[in-house]
Amino acid sequence: VAGGVFVARKGQVSNGLHYIAQAISNGAVAIVVDDEHYFNMTKLAVPLIWVPNVLSFLAYSCAKINRFPAEALTIIAVTGTNGKTTVTHFIGQLLQRQKQQVMVIGTNGVYINGQRSEAHQVSLTTVQPKQMQALFQEAVRKEIPYVILEASSIGLQKHRLDYCDIDAGVFLNVTEDHLEEHGSFENYKLAKQILVTLAKQVIVNGDDAICRSIGFTKKGKRKFFGKGQHVDYFYQAIYEGNANTTCLVQHKDEKYVVHIPFVGDYQCANVLAAISTLAQVGFPLEQLCRDSETLTLPEGRFERIENKKGIDIIIDYAHTPDAMKQILQAVKKQTKQRVIVVFSCGGNRDREKRPKMGMIASIYANRIVLTTDNARNESPQAINAQIQQGFSSTQIFTEVLDRKQAIFTALNEAEEGDAVVILGKGHEKTQQIGDVQSDFSDKECVLEFLKAKQP
């Protein structure tokens with residue numbers, strides 16, 4: 001833009017240094033780089049500015065342009081391989097029950113007081129600083145005091161949360177994911193750990209060994225939640241029904257019985273994460289425990305589709321081995337007959353997890369339908385072949401590469417008492433095969449099937 005400053009970022013595909021001449025010809029009045037060699041060896045017609053890190057500089061610039069709006073807000077950032085969307089929405093719902101206005105930013109989009117904002121299109125779990133700071137500014141303008149956001153490992157590593165004045169950082173779990181982007185599990189863990197340096201206090205899952213080790217770097221400003229020993233917020237499942245769990249929640253001398261409207265240990269942990277975080281922010285624990293009985297799951301997270309066939313149809317975003325295991329364990333407990341699973345793995349990333357997910361599906365599913373899940377530039381057949389490496393020798397499965405037909409296949413085969421679990425895409429409304437991204441929704445496919453089968 002004429003009169004603007006061009007920041008030369010290095011991306012996965014291209015390098016901003018290659019576009020400096022074009023930026024100047026388009027009217028850039030200054031160039032910002034973090035490449036010392038380029039800075040020392042280059043003379044330009046406009047000022048050339050060196051900074052230690054252009055991504056952090058961008059975050060600072062966006063905050064500065066918007067007058068550092070985060071300082072006027074209470075910001076809670078949630079990180080973890082799994083559960084970020086669920087916990088951010090739980091926190092948002094609990095704040096609303098406390099008569100507070102709240103904005104939630106993450107994978108499912110931007111929500112203001114529980115309503116999805118169609119005006120804000122979000123394509124990343126953790127949005128870029130320009131959009132992030134603009135959303136903070138909007139929250140200040142609309143007198144929304146609380147902003148809850150998902151902090152992805154990529155977002156943290158790429159400095160998108162720098163200068164966000166985070167009041168509380170929440171650590172849910174750390175298992176293998178995004179390893180191809182980070183290069184190793186150690187780098188992935190280090191990326192997550194950045195949140196410790198950005199947050200004024202941290203609330204940590206004490207049952208996760210890696211999270212606990214991360215939390216110990218914030219001495220004096222950390223609190224732990226979990227069902228194990230030496231946690232500040234303790235929970236214990238007393239009774240698990242078909243659709244709810246009764247838990248005991250304890251903090252110091254306070255003890256409360258909580259009726260959580262979900263099943264599965266991971267969901268109890270998610271609820272406790274939300275409760276303990278808001279208790280640390282200053283809300284009364286007793287009221288939070290009472291209000292947790294009204295929580296609802298966000299779109300595409302253990303989302304049940306009502307039907308007259310007597311089938312338990314569940315759609316979930318689970319796309320890691322740990323998330324898949326948690327979901328299928330919970331479904332297996334509740335299902336009287338067979339568990340039928342529809343899934344695949346995304347292309348161009350995390351190849352190591354494919355046989356692991358195959359093994360988990362093989363353990364819990366009676367029947368598997370392999371299909372496609374954003375195969376991108378990989379062969380769906382090759383992806384599924386790697387998944388099959390984890391199957392038991394007796395596993396019954398079918399491969400249906402058209403995802404819609406795969407869902408129809410599973411639903412057609414299902415009988416009363418069976419569960420059909422459709423994993424990987426959850427709330428997503430698109431499917432990418434090759435370079436083509438087309439409209440696609442697991443939920444719409446299920447509804448289309450059920451409508452056609454109505455008498």
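Predicted model: local features only at pLDDT ≥ 70, side-chain atom pairs only at ≥ 80, totals over all residues.

Colleague: How should I read a nonpolar core, and which residues have the most contacts inside the largest one?

Modeller: The general idea is that in soluble globular proteins nonpolar side chains tend to be buried together. Here, the largest nonpolar core has 39 residues, and Ile 76, Ile 91, Leu 95 and Leu 278 have the most contacts inside it. Helix 10 (residues 265-281) supplies the largest share of this core, nine residues. There is also a second, separate core of 34 residues, with Met 103, Ala 139, Ile 144 and Val 147 among its members.

Colleague: Now helix packing: how are helix 12 and helix 13 oriented to each other?

Modeller: Start from the axes: those of helix 12 (residues 321-334) and helix 13 (residues 353-364) come within 9 Å and cross at roughly 5°. Angles under 35 degrees count as roughly parallel, and therefore helix 12 and helix 13 are described as roughly parallel to each other. Among the residues making the contact are Met 324 and Leu 328 of helix 12, and Met 357 and Ile 360 of helix 13. By class, this contact has seven nonpolar, one polar and four charged residues.

Colleague: And sheets? What is the strand order in the open sheet of six strands?

Modeller: In general, strands of a sheet pair through backbone hydrogen bonds, either parallel or antiparallel. In this open sheet the order is 15-16-20-17-18-19, and the pairing is mixed. Strand 15 (303-305) and strand 19 (397-399) are the edge strands, each pairing on one side only. From one strand to the next, the twist averages 20°.

Colleague: What packs on that sheet?

Modeller: Helix 14 (residues 380-388) does, touching strand 17 (339-343), strand 18 (367-370) and strand 19. The direction of helix 14 makes about 165° with that of strand 19.

Colleague: In which sense do strand 16 and strand 20 pair?

Modeller: Strand 16 (residues 312-316) and strand 20 (residues 419-423) pair in the parallel sense, over five bridges. You can look for Ile 315, which stands opposite Ile 422 in strand 20.

Key
Residues numbered from 1 in each chain as written. Heavy atoms only, no water. Axes fitted to C-alpha atoms, helices over the stretch in contact; angles between N-to-C directions. Helix = DSSP H or I, 4+ residues; strand = E, 2+ residues; numbered from the N terminus. Parallel < 35°, antiparallel > 145°, perpendicular 65-115°, else oblique. Contact = heavy atoms within 4.5 Å. Nonpolar A, V, L, I, M, F, W, Y, C, P; charged D, E, K, R; others polar. Pairing = 2+ DSSP bridges. Core = buried A, V, L, I, M, F, W, Y, C linked by side-chain atoms within 4.5 Å. Buried < 20%, exposed > 50% of the residue type's maximum accessible area, 1.4 Å probe, protein only.
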